[in-house]
Amino acid sequence: MAWARAVAAPIVSRRQGASDDVAATYLRVLLRHTRWAERQFDRAAGIYPAKDFTFAVVLGNAVLLTRKGYDATVAGVEREVLHRHTVDTIRHFAASNVITGGTEWGRRLYFDTTFQSYFQLAGRLMWSDLDDATRANLDKIAIGQAVYTAGLGSGDDPLSGGWTPLGLSGGHVGDTKLEEMGVYAQALTPGIAWAPDDPQAVAWRAWFGKWSRNETGLPVADLANPCVVDGVPISANTAENLYDTFLVENHGSFGPHYQEELWRTSGRNAMHFLLAGQPLPEVLTAQPNGERLWHTMLLMASDAGEPLMPMVADREHLYGRDVLPLAFRAQILGDRYAARAEVQLAERLEPYQAYPPADRITKFSGEPKYEPEARAEIAISYLLHEWRASHSGPVQAVSQAEFDAYAIGVSDFGAGPGLMAHRTSSAWTAAVSKPGFVKFAWQPHHDDWLFVVSGATPMLLPSTALKTLKRNAATWTKVRDGFDATAAVLKFDNGYAGFATLPSGAAVYATTGLASGEGVVSVYNLDMPGIPGLNGKRTYHTAERTVTVPAAPAPPPGGGRTDEVVFPAVTARYVRMLGVLPDPTYGYSVLSFEVRDGTDGTDLARAGTAFASSASPGKEAKYATDGDATTRWAVAAADRPRADSWLAVDLRSAQRFDRVMIAWEAAAGRRYRIETSQDGDTWTAAATYPRPAVRTNGGWLNVDGRAGFVVTGSPNPIIVTGDQILLSDGSAAPLQVECHPDPRTLATAATAPRPTSSVAAVRTSVLDGYLVMLNLSGSAVRGTVALPEAGGAVSLYRGVQVITMAGSDLTMSLAEAEGRVEPAWFTVRAAEGPHLPVGLQATVADGATLRLTAPAGPPLRLQVQPAGEPPRQVAVPGRRTVTIKARNTRPYPLDDLALGATTFPTEPLPPGMSAPSAAVDGDERTSWHPGPDGRMVVDLGAVWQLGEVELTWTDGLSPAVTVETSTDGRTYTPAPPPASRRSTTVRLAGAARYVAIRVHGGHAGDAELTRMRVRPARFG
């Protein structure tokens, strides 16, 4: 793609000089955010301060001052004053940078160079208003930083402490080096863009290319890609910064914010080249593995355009920081799906900005420096829109329906990342087994503000601190199995839990009973007008009544509160606070714990002995009962995510009391129980805080008309307390939950006949036409599932199913801790009469093949309907078998290991080559064009014992090829050469994960590979 030498120029529009509606939103947000920026201005010093890099607000200022539409009423400051503040601040910090002889900031790669990037852009926009000395200083900073960074080579920056890219080798487990390598490239960018003729610029560009190409390095993909980017083949990359499932970790777990850092850094860098009138380096628009990383982001996308974050939560709901990656992909790469996500996020920005603390554009998580950074990145995003409009015109976003259709899919990212995700058009789900984040997450309608799925907040499972002893995960894909679904069964110290997700967006959760208070779901309840669902209340419908729960008031300044929990008087020696839901950041921390009999009673705890589940050093349990308001008990840091931490007091003898008063520090328990005991071992609940607003034994709960749950198998009620749902409020007990994205039929679903298993450990459900089976045990099982009849029709699943008086029995066989999802491939009913005859046997061999065997007697007249086809009349003679074939359905599951598998090279592709995924997409109409000496690799996802590979080419001269296999994606072994004909089969021997096809030569008109099929050894 050719990029013109262009300068961002003002674009005239109806309102504020913006080129499109999204850009106009950015200008309005910047204007209002100027109020926050001006509150930071240091009037004594006459500049915006250095603390938290606040001076970076000058980039937002510069955009407002150099574009049309400035409104002093909205900004809260006159334009002339803002201009003076901006110029004075640029002058000061250009002189105080270490590179120009100052001592205040600069040169350090982390994080000074990020803010140097913003600062440089502000200076260039304001160039005509700056004095000569300031201009010279800006040039010195650009050049000096490039000299310093190139001089480091691949070594660490000694000014940046422990931050390291690990040379050009990188790293990916726990802490990707994608971000660090991006910072090195970013530090070089201003020098390359603004001093392109400097004698040292050649070296700068070389290092910029090395860091940028390796930023997304993945050896198994890169070694298969000879595409040349900025003069260097991708196969020369040396870094490994990604998991081979195209996911990155930071802060110890999957971090979508850091995966997006690729495009965030690219957006900053691109803006320098565009403003300088320089062509973009090729790597900015040809990022190795970038499209596969983006596909992961699409799978995680919320309805706000930002990714859902089931693990690390310190970057969640930072709307201002999430804009730039989308703007870069949309405006520079021309990605219409990113443009839709950008529209979604832009629609949320102004309501978000108006929510307290008003005017800010980063809230709920993150660091103070994110606020000026977000202002700068929205300014850059505006400039990217302006540039795009002045060149090839605005990017037309796809429709929401197109976006949802494109983003659906499933992926098991592996046991290391501990994540399996499934996105349908109506919900997003994830099974998380990463330590500290263990949960089964479900977000109906991809709603960014319905259920809390992030960080240490539990979902369905009682605690994110559960230790996973075994993880069994399975995915089904439409191309291979005919449908998308997932199933995960996790083993813990105290039992098993399973989670299955369906194409409809529904899900099924089942547990053996892991702890009291299971089936945890936390609900966002805020008053944020303009954000769907956040209207200051949530309404819950049950079988008995409807209750509206208002949004909780904001906590007092500094956090903390005092609870007086009153209950019928008891006589006991021990009393404790047992946590149910901790503060999401710091767990539980108590300033004082008092036990009294009556309002004026003596504090019995003062004479007792306090003890706790854990404590931080210097914050032991005794400090909660010492009468000193300046001391406190706090859980150990490692136990902060633990829900059931506790603080207890031994009163030394049985005492009568009727209340407990707890003064919390900022880390206040969101929900807890007061329990008493005679011996310190057996505890009895006395009260719950806060009191439930909803309690139902009706078996179902409708959450605000947006989602619903049907609960079976538990003796405990469903309750809603504050903003937390407990689907089983009571002692640990088996539980099964059906999660419905459409809650309108919950009452019917709750009373409908349910399937039952002959094996107690197997939990079953039929939901939206799919049979779910979860073996919650450590043993393989065989048995039957009794399926009730529904209106005379019987749904038929893969396996052997026999008609009974009550419905049918399906034979099942499950491995230990296995979950399975089976669709109904056929439906059968009697052609005459209301019921099918008892003893009729139905065997579904695959998605296209049904065999019906009639019992003794006259011929049976049946109506059989294959999935998605009209019904047929079928006659089956007594004691005979008739085979029915579906006309439009393939014989799923297909035995082809390559179907839908990851292929290499990823984009960018070598010249003349088309996408190799076309050879494994199951579509005979698509094909892979190898180009000269082309080579493609299929990643089977795991090592398999292989039997054969079958190649099918289009019409034309079939090229000479070599088939190669590998277990590690680095060293390949050739197989016997296949014959050069339209369809050929190569026998394979041994184990491999990667199968490669190497084409020798290549000419115009040669055949293209329309199908590559890989079968395991049992088919070989």
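How closely do the axes of helix H2 and H15 come, and at what angle do they cross? The axes of helix H2 (residues 58–66) and H15 come within 7 Å and cross at roughly 35 degrees, where axes are lines fitted to C-alpha atoms, for helices over the stretch in contact, and angles run from 0 to 180 degrees between N-to-C directions. This is a predicted model, in which local features need pLDDT of at least 70 and side-chain atom pairs count only at pLDDT 80 or more, while totals for chains, interfaces and linings use all residues. Residues are numbered from 1 along each chain as its sequence is written, and side-chain values use heavy atoms, with hydrogens and water left out. Helices (H or I, at least four residues) and strands (E, at least two) are DSSP runs, numbered from the N terminus.

**Helix packing**

- In the pair of H2 and H15, Leu59, Gly60, Asn61, Val63 and Leu64 of H2 meet Arg375, Ala376, Ala379, Ile380, Tyr382 and Leu383 of H15, contact being heavy atoms within 4.5 Å.
- The residues of this contact of H2 with H15 divide into 8 nonpolar, 2 polar and 1 charged, where Ala, Val, Leu, Ile, Met, Phe, Trp, Tyr, Cys and Pro count as nonpolar, Asp, Glu, Lys and Arg as charged, and the others, Gly among them, as polar.
- The axes of helix H1 (residues 21–40) and helix H14 (residues 336–354) come within 10 Å and cross at roughly 25 degrees, which makes H1 roughly parallel to H14 (angles under 35 degrees count as roughly parallel, over 145 as roughly antiparallel, 65 to 115 as roughly perpendicular and the rest as oblique).
- On the H1 side, Val22, Thr25, Tyr26, Arg28, Val29, Arg32 and His33 meet Glu342, Val343, Ala346, Leu349, Glu350, Gln353 and Ala354 of H14, and the residues of the contact of H1 with H14 divide into 7 nonpolar, 3 polar and 4 charged.

**Buried elements and residues**

- Helix H13 (residues 323–332) has 10 of its 10 residues buried, so it is largely enclosed by the rest of the structure; buried means under 20% relative accessible area, exposed over 50%, and partly exposed in between (1.4 Å probe, protein chains only).
- The buried residues of H13 pack against H1, H11, H12, H14 and helix H15 (370–389), and H13 is followed by glycine 334, whose phi is positive, near 70 degrees.
- Glutamate 386 is found in helix H15 and counts as buried at 1% relative accessibility, while its C-alpha atom and that of alanine 18, 368 residues apart along the chain, are separated by 7.2 Å.

**Loop asparagines**

- Asparagine 289, in the loop between helix H11 (261–275) and helix H12 (290–299), counts as buried at 0% relative accessibility.
- Not counting residues up to four places away in sequence, asparagine 289 touches several residues, including Thr216, Asp222, Phe246, Thr906 and Glu907.
- Asparagine 237, in the loop between strand S2 (232–233) and strand S3 (249–250), counts as buried at 11% relative accessibility and, leaving aside its neighbours within four places in sequence, is in contact with Arg213, Asn214, Asp222 and Pro288.

**Aromatic pairs**

- The structure holds 36 aromatic pairs, in which rings of Phe, Tyr and Trp (its six-membered ring) have centres within 6.5 Å, with planes under 30 degrees apart counted as stacked, over 60 as edge-to-face and the rest as tilted.
- The rings of tyrosine 184 and tryptophan 211 have their centres 4.4 Å apart and their planes at 40 degrees, so this pair is tilted.
- Both tyrosine 184 and tryptophan 211 are buried.
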